Amino acid sequence: MQTWSLVSLCVLLGVVVRWGVSLNSYSGAGRPPMFGDYEAQRHWQEVTYNLPVQEWYLNTTDNNLNYWGLDYPPLTAYHSLICAYIAKIINPEWVELHKSRGYESPAHKLFMRATVLVADLLIYIPAVVLYCLYLTDGSAKKKVSTLFCFLLYPGLILIDYGHFQYNGVSLGFALWGVLALGLGWDSLGSMAFCLALNYKQMELYHALPFFCYLLGKCVKLGLMGRGFFLLVRIASTVLVTFALCWLPFLSDPSRALQVVRRIFPVARGLFEDKVANTWCSLNILIKIRSILSSDSQIYLSTACTLLAVLPSSVRLLTKPTFWQFKLALANSSLAFFLFSYQVHEKSILLAALPVCLLLNDLPLVAIYFLQVSTFSMVPLLLKDGLLVPYVVTSLAFLFFGVFLLSALEHCSEEELRLGAYHKLLFCLPKLDMACIVRWKFYISVAVMAGLSFASVALVPPPHLPDLFPVLVSTTAFLHFFGTFLYFNVVQFSGPPSRKSQKKKN
Amino acid sequence: MAAPVVDSWSWFPALALGVSLLKCLFINAYHSTDFEVHRNWLAITHSLPVSRWYHENTSEWTLDYPPLFAWFEFGLSHVAQHFDRNMLLVENLNYDSPATVLFQRLSVIFTDLVFIFAVRECCRCVQEQKGSRDILNRPSFVLAVLLLWNFGLLIVDHIHFQYNGFLFGFLLLSVAKHLQSRHLQGALLFALLLNLKHIYLYVAPAYGIYLLRSYCFTQDNKDGSISWRSFSPLRLIALGSIVGSVCALSFGPFIAMGQLPQVLSRLFPFKRGLCHAYWAPNIWALYNILDKVLVTLGVRLKLLQEAELPRASMTGGLVQEFQHSVLPSITPSITLVCTLLSILPAAASIWWRPGGARGFLRCLLLCALGSFMFGWHVHEKAILIAILPLSILAVESREDAGIFLVLTTTGHYSLFPLIFTPAELPIKAVLMLMFVIYSFTALRKLHSGPVSLLHPLESVYLLGLVVVATACEIVFPLSPWQQKLPFLPLLVTSVYCSVGVTYSFLRLYVSLLRRDEKPKQL
């Protein structure tokens, strides 16, 4: 079998699975008055199509910001506008101002699902294919296996094609950025990342590693010589990209400020619902929200986030290699997810992307983490009626991840990149690391299966109505925190030996 | 025997699990009226006494499968009551609560375990090539993918809704038993299959003649001709008692109740028309279109009076009788004679020159295709009876691989109109594309050689399918003809595909006859 046919089979399978998931329900289906993210996206099409650009982010009589007001950066708005033009051609009722609120029909669902698929096919999937083919090492078969698992990561599929969002676009742009940096095209990479940032402000989770990697590279080249030119080139690329994205809002500073205020709403509190991050988990023990004022909550979370990002960023700055960059991406996004202000459970997808990049290098940990990240969204998925796709895609991902990447065989200390830390971490030298990790994996999978089953089938006791969501988020938090520590440790241990040899060749 | 490779079969559960999980994703997809048919049968078998099963007609979808299948539904209904009791009420027509859909879909997915087991048995019978160490290039792996991930089965069973996987499991298992020379088990399985769904009568002649010739006669003469003295009555009795007891078990109760004519009238409804709702790609599709063309020409050339012609309704979507205008109309007896004539040479060939189990398989294929080509009221889904067994031959011989590619691609494409809802369009297109890419690349690699598997003309014909597909699936629904000529895409599809199926049928015959000649020349 030639590689091209295996790759195309993987991509086609990825498309079928995505479309299969999209046959299911979406968030807020048939639940007036607010509906869900599906209606939000449709509403943005309606707003962007019917109102002038200046009014998109303003509260006016035609634009009630309390009803799914636009709160993503301009690229999202442009994307909605393009979709709205197509919608208008197919059926004008879909984007009619005011009258189309809460519009739902099978044909409209089909249209919305198709827009997600098209965006994915144009941006996310090509980036994944190129990344797996050019930036992972191993035989062609190994690359295809990685590609297969990367494309079938359940979390992203379930949120984009089940719940309904366009995460594939922002993550896809970020991935193009990673890809370009990996291939040495620094300006293109920074441009792609700016696009990601202008599509979804949450991409800030990835911003520090990009910044540190590029700055570190410039410093390494010598800030007095070639490094300086590189820095100027990157800076101007960033500025031009941003300027182009914000062009309609730049004529009036107050208008731009209004957009910024919409994008970063600080009034929404430390966390919403049940998120698997530090604050929500801590909330079980200490009610932070009632102890601290909202200002000090912001300061506290910002301080903690910066503290958590600092080690990996400094390490990357001093050692700007691609391997360090990938790890820093994972560390930074996890740090943001765990400690920052106003985190959504879906934000774990931002941490999942860099971990997907590590599928080839650290198969077991990556699969482990990715599975937990899908599991952390169980309450949301159940609310949207996505039980069957959740079970099916998770089982498939777990099984094929372990089978194709032979994850369970590759978990010795050397392969977990923990060789140097062995004596530091474990006082008992005879402990079999591989065995421990494997059992930990089995137990976690069992716990996740048990909690998923309990959330579906059991009725919580009346005085603890949130029992299962809290258990789910706490379990997920413990795993995320553990993975965060692990990735930091790996980042500070030496570079993988096989990898460095290959680089020299 | 070559030494077995240590990890040789670990890929098989992966393939099977993968496809089973994929099937689960289609639970909420469109399902056809066959869904209601099977729900109704669950209700009938669950809530009525056996004596009423073949008399019940509250729903228009009366029980028209043989008794063993009714018992199968009876068994399923005992699980079904734990999902939703309301689906088991006969009067609950068109009932499809989420629990009902889940149960029925899962029942198909789980009974497919029989199919998965049968595929594994078939893969074990395949001759492995020496020297190919890569798993992806081993015939058994390729065969497993071609069968387990078969496009036709996926869409017919798991979107359209039927239990073909379960039934083909019996057929393939019985073929595998014959390949392993366990003829009695093979005969038992086939007898069970016939009593589950009588459409497999199509291939019964192959079974009958093969078992009589190669099992009941224990020896051949030196020149390969039949040795009459080696006839073993004991084997014939064994065979007869197996088949007889299965049939007695299935039909016995109904004979005892004096309901046999009623059951048979349900099983063989000759009141239906020559062609199904839309035409299966066979000879009659070509015959119909020829008739239509002649009528049009006749009217144009003033040879025919338009008023005198019978109103010919083409593929209106209803099952009804259809009168030809110029050419003589076809009666069931004509189709029967044509079918018998078409399978006669194949049957004669394995009688005079039995080519072992593989010769039998080839004859089975020709029977299936012959009945498909000439049969009365053939369903387009019946093409799978030829496609699935041909997969076994395709991984073993180069020539059959070429025929397989033509037949599967056209046969699978002819199933496209079954799934006509826009939401499922991407699924059927992508699954088809996957199957085509895989079968072409894998078989080409398996039979790597200087000559291409396909003749250039065959390639051109298959590429034409892409044009037909885009025209029928994308361009036509958007064009103004959609209202005026709604049946045009169906017509184009079946006529175009019938050319490919007819061609494959002829080529299979040629390959059979050529095989017959070769030993004589030696």
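An unreviewed UniProt entry lists residues 12-31, 140-161, 187-212, 233-256, 330-352, 359-376, 459-481 and 487-510 of chain B under "transmembrane region"; such annotations may be inferred rather than shown by experiment, feature names are shortened, and the positions follow the numbering used here. What you have above is a predicted model, where local features need pLDDT of at least 70, side-chain atom pairs count only at pLDDT 80 or more, and totals for chains, interfaces and linings use all residues. Residues are numbered from 1 along each chain as its sequence is written, chains are lettered from A and ligands numbered from 1 in the order in which they are written, and side-chain values use heavy atoms, with hydrogens and water left out.

**Two of the listed spans**
- Residues 459-481 of chain B are 91% helix and 0% strand, with 30 Å between the end C-alpha atoms.
- For residues 187-212 of chain B, the end C-alpha atoms are 11 Å apart, and the span is 73% helix and 0% strand.
- Helices here are DSSP runs (H or I, at least four residues), as are strands (E, at least two), numbered from the N terminus.

**Where chain B meets chain A**
- Contact (heavy atoms within 4.5 Å) links 32 residues of chain B with 27 residues of chain A.
- The two chains bury about 2500 Å² between them, and carbon and sulfur atoms give 84% of that; buried area is the accessible area (1.4 Å probe) that two parts lose on being put together, summed over both.
- B:Leu21, B:Leu25 and B:Met434 supply 24% of the area chain B buries against chain A, more than any other three residues.
- One salt bridge crosses this interface (a side-chain nitrogen of Lys or Arg within 4 Å of a carboxyl oxygen of Asp or Glu).
- B:Asp134 and A:Lys141 pair up in a salt bridge, at 2.7 Å from N to O.
- Helix 1 (11-25) and helix 17 (425-446) of chain B each bring at least two residues to the side touching chain A, and helix 17 gives the largest share, eleven residues.

**Inside chain B**
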